[in-house]
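Please read the following points with the sequence and the structure open beside you. They are written as a colleague's note, and each point takes up one topic.

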Amino acid sequence: MKKYAIQFLVIFLIFISNSNASDAKWKSVQDVDLSESIADENNNCLTSVEKFDLKNNFSLIIRPVIKTENENKIICTQIYLQSNGNLLLILDGEDAISFFRGATKYLFRYQYIDFDNYFCLTKYDDAYYYYLFDKRNGNMVLNEFLGSADLNHNIIFYLNENDEMILYDLEANKKHNIEKYIDYGKYGSMSYWKDFKIMDITEENYLVLFWGRRDKNGDEVSQLITVPK
């Protein structure tokens, strides 16, 4: 389902506003420089280092960097996890794109999807795709998926490679294919993978609200789904 974003060719003159900034990897917490930023020719800040506090005493650091490949400048990010005085590089340049005004739209970003032992990054590629990481080792658990998150219950709903909806219970580390329970209707939502919410969890079932159906007038027709554990 991957859609490829249109990448414009107009490249603007840029420079690193902090003279100490480079694409050299940070090795330790002492290397972290939150003052780094990337500016345009008019010294307007386009993007800068961001640090976010996550649950269980983890921090997420998103560092934009400029690299040169075949005499062309590209912008990308280095993503770090910090915990207990240690720094772990988990992504380095996987979102690289030719630098043009507005290119930061296509870089990894954090939108406060944070679970006890996991967190998500998002990246735009004709739609906003999610990337799920395990805080405990920095590994990417799910790669480039469309979905939604229920932060109160440590659950993710996502489309798998077969375009089937999966309920992923992160706390139990179990995945449930819920496709057969869903009535999309004749006039379904164009972004139905966002239209799920946990209403209750019992010892036997998940009670899920799905509101991604529409009638011919465009009005919402909700559905309660019971998913066995």
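1. A buried salt bridge. Lysine 135 is buried, and aspartate 114 is buried as well, where buried means under 20% relative accessible area, exposed means over 50%, and partly exposed lies in between (1.4 Å probe, protein chains only). The side chains of these two residues, lysine 135 and aspartate 114, meet in a salt bridge with 2.7 Å from N to O; the term stands for a side-chain nitrogen of Lys or Arg within 4 Å of a carboxyl oxygen of Asp or Glu. Because lysine 135 lies in the loop between S10 and S11 and aspartate 114 in the loop between strand S8 (97–98) and S9, the pair ties together parts that are 21 residues apart in sequence.

2. Basis of the values. This is a predicted model, in which local features need pLDDT of at least 70 and side-chain atom pairs count only at pLDDT 80 or more, while totals for chains, interfaces and linings use all residues. Residues are numbered from 1 along each chain as its sequence is written, and side-chain values use heavy atoms, with hydrogens and water left out.

3. Further salt bridges. How many salt bridges does the structure hold? There are six salt bridges in the structure. One joins glutamate 36 to arginine 63, with the closest N and O atoms 3.0 Å apart; glutamate 36 is in the loop between strand S1 (14–16) and strand S2 (37–40), arginine 63 is in strand S5 (residues 58–69), and the two are 27 residues apart. Both glutamate 36 and arginine 63 are buried. Aspartate 183 and arginine 213 also meet in a salt bridge, at 3.0 Å from N to O, but here aspartate 183 is partly exposed, with a relative accessible area of 37%, whereas arginine 213 counts as buried at 17%.

4. Three strands form an open antiparallel sheet in the order S9-S10-S11; strands are DSSP runs (E, at least two residues) numbered from the N terminus, and two strands pair if DSSP finds at least two bridges between them. Strand S9 (118–124) and strand S11 (140–145) stand at the edges with a single partner strand each, so one side of each is left without a neighbour in the sheet. Strand S10 (residues 128–134) is joined to S11 by three bridges, and the bridge partner of tyrosine 130 in S11 is phenylalanine 145.

5. Aromatic pairs. Rings of Phe, Tyr and Trp (its six-membered ring) pair if their centres lie within 6.5 Å, and planes under 30 degrees apart count as stacked, over 60 as edge-to-face and the rest as tilted. The count by this rule comes to 15 aromatic pairs. In one of them, the ring centres of phenylalanine 145 and tyrosine 158 are 5.5 Å apart with the planes at 65°, so the pair is edge-to-face. Phenylalanine 145 is buried at 4% relative accessible area, and tyrosine 158 is buried at 7%. Another edge-to-face pair is made by tyrosine 192 and tryptophan 193, with 5.2 Å from centre to centre and 70° between the planes. One aromatic cluster is formed by Phe157, Tyr184, Tyr192, Trp193, Phe196 and Phe210.

Notes:
Helices (H or I, at least four residues) and strands (E, at least two) are DSSP runs, numbered from the N terminus.
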